[in-house]
Amino acid sequence: MNSQFYFINAFTKEEFKGNPAAIVFLREKRSEEWMKSLANELNQPITTFITIKDANSYQLRWFTPTKEIDLCGHGTLGAAHILWSEGFSSSKSTINFYTQSGLLRTELSKQQIILRLNIKGSTQTEVTEKLKRAIDFPIKGAAWAEDRYILELENQDVVHKVTPNLEAIKEIEGPGIIITSRGSDKYDFVSRYFAPKIGISEDYVTGSAHCALASYWSDPLNKKEFTAYQDSKRGGELKLKIKGEKVELIGECVTLLKGHLYK
């Protein structure tokens, strides 16, 4: 049987919302160059490649249109969704994913997928001129979250209005920058994520960024559980729970298309 592919929307209950991804279930070994070329051809924010290891255990690799990355939350959520919804794995079983970021486990609770990722601690840092050039609004505070910066802004409206300086962001350490503020109404905090270095001007919903945001907002909000919103043009909602050194990302997915690769 030829390899199968699926287009999904992650962290949403609605089609054409959340973060899109291509999920490719490989039936035979493929080279890294081939996977990179297919991801470029499909031109989704992420293309996730799944290969079978053994019962309920799979290898995952993630590619943007320009490069391979070590961790992708929505690409992992989409992979779990396809494995369960298409009957490759039992909905009663935990799925183990072996990745360049270590072992990731997912569970299904009703229609919601629970993904456990390592928490990313953050440390307050100086608001440098380089960071100020990245966005067009005043920065209330900055933190370094292991591999990327978090910039806190005044409020949710400001986060929504930001126009990023993508060339300036390319000069900043890390794959991209997170901007965030306290939320209003049902959201504890909101965010956006810009990652032009890896071929994504603005990501729609970023699971890995929320591993840092959960840590960042835990003390100011005095909470371990959050409802968060990523305020991209498609938008996406996440439920988060801090459990020890892990963050549970809880969300849903929608399948839009499926088919087979001919070669």
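# Close-up views of a predicted model

**View 1. I135 sits in a loop.** I135 lies in the loop between α3 (129–132) and β10 (141–144). Helices (H or I, at least four residues) and strands (E, at least two) are DSSP runs, numbered from the N terminus. This is a predicted model: local features need pLDDT of at least 70, side-chain atom pairs count only at pLDDT 80 or more, and totals for chains, interfaces and linings use all residues. Residues are numbered from 1 along each chain as its sequence is written, and side-chain values use heavy atoms, with hydrogens and water left out. Is I135 buried or exposed? I135 is buried, at a relative accessible area of 6%. Buried means under 20% relative accessible area, exposed over 50%, and partly exposed in between (1.4 Å probe, protein chains only). Setting aside neighbours within four places in sequence, I135 is in contact with L151, L153, V162, T163, I177 and I179. Contact means heavy atoms within 4.5 Å. N222 is 87 residues from I135 along the chain, and their C-alpha atoms are separated by 28 Å.

**View 2. A142 belongs to strand β10.** A142 is found in this strand. A142 counts as buried, because its relative accessibility is 1%. Which residues does A142 touch, not counting those up to four places away in sequence? They are T123, Q124, T125, E126, V127, L131, I150 and L151. H74 is 68 residues from A142 in sequence, and 25 Å away in space, C-alpha to C-alpha.

**View 3. The largest nonpolar core has 54 residues.** A nonpolar core is a set of buried Ala, Val, Leu, Ile, Met, Phe, Trp, Tyr and Cys residues joined through side-chain atoms within 4.5 Å. I8, I50, F97, F189, F226, L240 and L249 touch the most other members. Helix α6 (residues 207–221) gives the largest share of this core, eight residues.

**View 4. F97 and its contacts.** F97 is one of the residues that touch the most other members of the largest core. Not counting residues up to four places away in sequence, F97 touches Y58, L60, T76, A79, A80, L83, G102, L103, L104 and T106.

**View 5. Helix α1 has a buried side.** M35, L38 and A39 are buried in helix α1 (residues 32–42). They cover an arc of only 100 degrees around the axis, so they lie on the same side of α1. The arc is that of the directions from the helix axis to the C-beta atoms. E33 and E41 are exposed on the other side of α1. What covers the buried residues of α1? The cover includes β2, β3 (47–54) and β4 (57–63). N43 follows α1, and its phi is positive, near 55 degrees.

**View 6. F16, L256 and L257 make a nonpolar surface patch.** The patch is about 290 Å². Patches are made of residues with over 30% relative accessible area and no salt bridge: like charges are joined within 9 Å, nonpolar side chains (Val, Leu, Ile, Met, Phe, Trp, Tyr) within 5 Å. Accessible areas come from the Shrake-Rupley method with a 1.4 Å probe, and for residues only the protein chains shown count as cover. F16 is found in the loop between β1 (4–10) and β2 (19–25). F16 counts as exposed because its relative accessibility is 54%.

**View 7. K258 pairs with E86.** Side chains of opposite charge can pair when their charged atoms come close. A salt bridge is a side-chain nitrogen of Lys or Arg within 4 Å of a carboxyl oxygen of Asp or Glu. By this rule the count is 14 salt bridges. In the bridge of K258 with E86, the closest N and O atoms are 3.3 Å apart. K258 lies in strand β18 (residues 253–260) and E86 in the loop between α2 (73–85) and β6 (95–99), so the pair ties together parts that are 172 residues apart in sequence. K258 is exposed, at 55% relative accessible area. E86 is partly exposed, at 28%.

**View 8. D188 pairs with K223.** The closest N and O atoms of this salt bridge are 2.6 Å apart. D188 lies in the loop between β12 (177–182) and β13 (189–195), and K223 in the loop between α6 and β15 (225–230), so the pair ties together parts that are 35 residues apart in sequence. D188 is buried, with a relative accessible area of 17%. K223 is partly exposed, at 30%.

View 9. The side chains of R116 and E107 meet in a salt bridge at 3.2 Å, N to O. R116 is partly exposed, with a relative accessible area of 25%. E107 also counts as partly exposed, at 29% relative accessibility.
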